[in-house]
Amino acid sequence: MSLSVPDGAVRPASHPDTPAPGTELPPHFRGCFGCGELEGGLRLRQTVGDDVTMTSTFAVQRHHQGAPGIAHGGVIAAAFDEALGALAVHHREPSVTAELQTRFRRPVPVGSVLHLRTRIDAREGRKVWCSGVGRLDSPDGPVAVEATALFVTVPMEHFTTHGAPH
Ligand SMILES: CC(C)(COP(=O)(O)OP(=O)(O)OC[C@H]1O[C@@H](n2cnc3c(N)ncnc32)[C@H](O)[C@@H]1OP(=O)(O)O)[C@@H](O)C(=O)NCCC(=O)NCCSC(=O)Cc1ccccc1
């Protein structure tokens with residue numbers, strides 16, 4: 001039920017310091033499985049959109065497959081986790097995934113590029129509801145996956161307290 005936006009939660013505006021629409025985001029962390037430079041990672045490329053949105057691309061490789069020639073569902077969920085998490089650039093506070101729901105509507109073949117468009121739907125206190133859609137091979141391609149999520153903002157100490165030392 002928490003993925004339903006409650007009455008009273010409103011769609012926020014972008015923080016004034018959000019990079020301009022069209023800005024390509026660097027990895028928020030080079031070691032990130034989603035957007036960093038890890039061998040075997042997802043290597044998402046993310047661009048700031050307008051109106052609390054983000055566009056991301058995920059080039060599906062052989063090492064992302066679950067069934068022969070088809071992307072693993074958990075890998076696609078991870079791509080959404082990253083693309084939805086990147087929306088934090090619009091509120092400029094760290095946040096972590098509390099819930100993530102995916103709906104797989106078409107197989108995503110190896111060699112395809114999944115175009116993800118994500119947006120913040122509402123915010124209330126520390127809770128940020130967001131959603132996204134993934135289309136095959138172009139921003140207007142057929143819908144392959146939809147996702148909704150709840151993120152919760154956290155202080156920076158969240159990472160120093162819980163993260164394993166490097
Ligand atoms: C921090 C928190 C989520 C919440 O704990 P606390 O700080 O103690 O706060 P508290 O429990 O007080 O909750 C506050 C409010 O939120 C609500 N609420 C909370 N949870 C849920 C729920 N499940 N479902 C529904 N609601 C929930 C709760 O009811 C309360 O609501 P209220 O204000 O009373 O109306 C903790 O459970 C945690 O660390 N989980 C692990 C997160 C994690 O590791 N995620 C994966 C890594 S991140 C990643 O990979 C993504 C990424 C990629 C790229 C870039 C960036 C990001």
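**Strand pairing, ligand shell and core**

Colleague: Which residue in strand 8 is the bridge partner of glutamate 124?

Modeller: The partner of glutamate 124 is lysine 127, in strand 8. Please keep in mind that this is a predicted model.

Colleague: How many bridges join strand 7 and strand 8, and in what sense do the two pair?

Modeller: Ten bridges link strand 7, residues 113-124, to strand 8, and the pairing is antiparallel. The two strands form a hairpin with two residues between them. In this hairpin, glycine 125 has a positive phi near 60 degrees.

Colleague: What does strand 8 do with strand 9?

Modeller: Strand 8 and strand 9 are also antiparallel, with nine bridges. Tryptophan 129 faces leucine 150 of strand 9 across this pairing. Six residues separate the two strands in their hairpin, and aspartate 137 in the turn has a positive phi of about 70 degrees.

Colleague: Is strand 8 mostly covered or mostly open?

Modeller: Strand 8, which spans residues 127-136, is mostly covered, with seven of its ten residues buried.

Colleague: Let us turn to the ligand. How many residues surround it, and which are the closest?

Modeller: The ligand is surrounded by 16 residues, of which Thr97, Glu99, Arg126, Lys127 and His158 are the closest.

Colleague: Which atoms of glutamate 99, threonine 97 and aspartate 81 lie by the ligand?

Modeller: Glutamate 99 places a polar side-chain atom 2.6 Å from a nitrogen atom of the ligand. For threonine 97, a backbone N or O atom lies 3.1 Å from a ligand nitrogen atom. Aspartate 81 has a polar side-chain atom 3.2 Å from an oxygen atom of the ligand. The ligand taken alone exposes 1,100 Å², and the protein buries 48% of that.

Colleague: Which element gives the most residues to the shell?

Modeller: Strand 6 gives the most, with five residues. Helix 1 (73-85), strand 6 (95-104) and strand 9 (143-153) each contribute at least two. Sorted by class, the shell holds six nonpolar, five polar and five charged residues.

Colleague: And the largest nonpolar core: which members touch the most others?

Modeller: That core has 29 residues, and those touching the most other members are Phe58, Ile76, Phe80, Leu84, Val108 and Leu114. Two or more residues come from each of strand 3 (53-59), helix 1, strand 7, strand 8 and strand 9. Helix 1 gives the most, with six residues. In soluble globular proteins, nonpolar side chains tend to be buried together.

Colleague: Where is glutamine 46 found?

Modeller: Glutamine 46 is in strand 2, residues 45-48.

Colleague: Why does glutamine 46 count as buried?

Modeller: Glutamine 46 counts as buried because its relative accessibility is 5%, and the cut-off for buried is under 20%. Its side chain makes a polar contact with the side chain of glutamate 82, at 3.1 Å.

Colleague: How many bridges join strand 2 to strand 3?

Modeller: Four bridges join strand 2 to strand 3, and the strands run antiparallel. Arginine 45 stands opposite threonine 57 of strand 3. Their hairpin leaves four residues between the strands, with aspartate 51 in the turn at a positive phi of about 55 degrees.

Colleague: With which residue in strand 7 does threonine 55 stand opposite?

Modeller: Threonine 55 stands opposite arginine 117. Strand 3 and strand 7 are paired in the antiparallel sense by seven bridges.

Conventions:
Residues are numbered from 1 along each chain as its sequence is written. This is a predicted model: local features need pLDDT of at least 70, side-chain atom pairs count only at pLDDT 80 or more; totals for chains, interfaces and linings use all residues. Side-chain values use heavy atoms; hydrogens and water are left out. A residue is near a molecule or strand if one of its heavy atoms lies within 4 Å of it. A polar contact is a pair of N or O atoms within 3.5 Å; within protein, one must be able to donate a hydrogen and the other to accept it, and residues adjacent in sequence count only if both atoms are side-chain atoms. Accessible areas come from the Shrake-Rupley method with a 1.4 Å probe; for residues, only the protein chains shown count as cover. Ala, Val, Leu, Ile, Met, Phe, Trp, Tyr, Cys and Pro count as nonpolar, Asp, Glu, Lys and Arg as charged, and the others, Gly among them, as polar. Buried means under 20% relative accessible area, exposed over 50%, partly exposed in between (1.4 Å probe, protein chains only). Two strands pair if DSSP finds at least two bridges between them. A nonpolar core is a set of buried Ala, Val, Leu, Ile, Met, Phe, Trp, Tyr and Cys residues joined through side-chain atoms within 4.5 Å.
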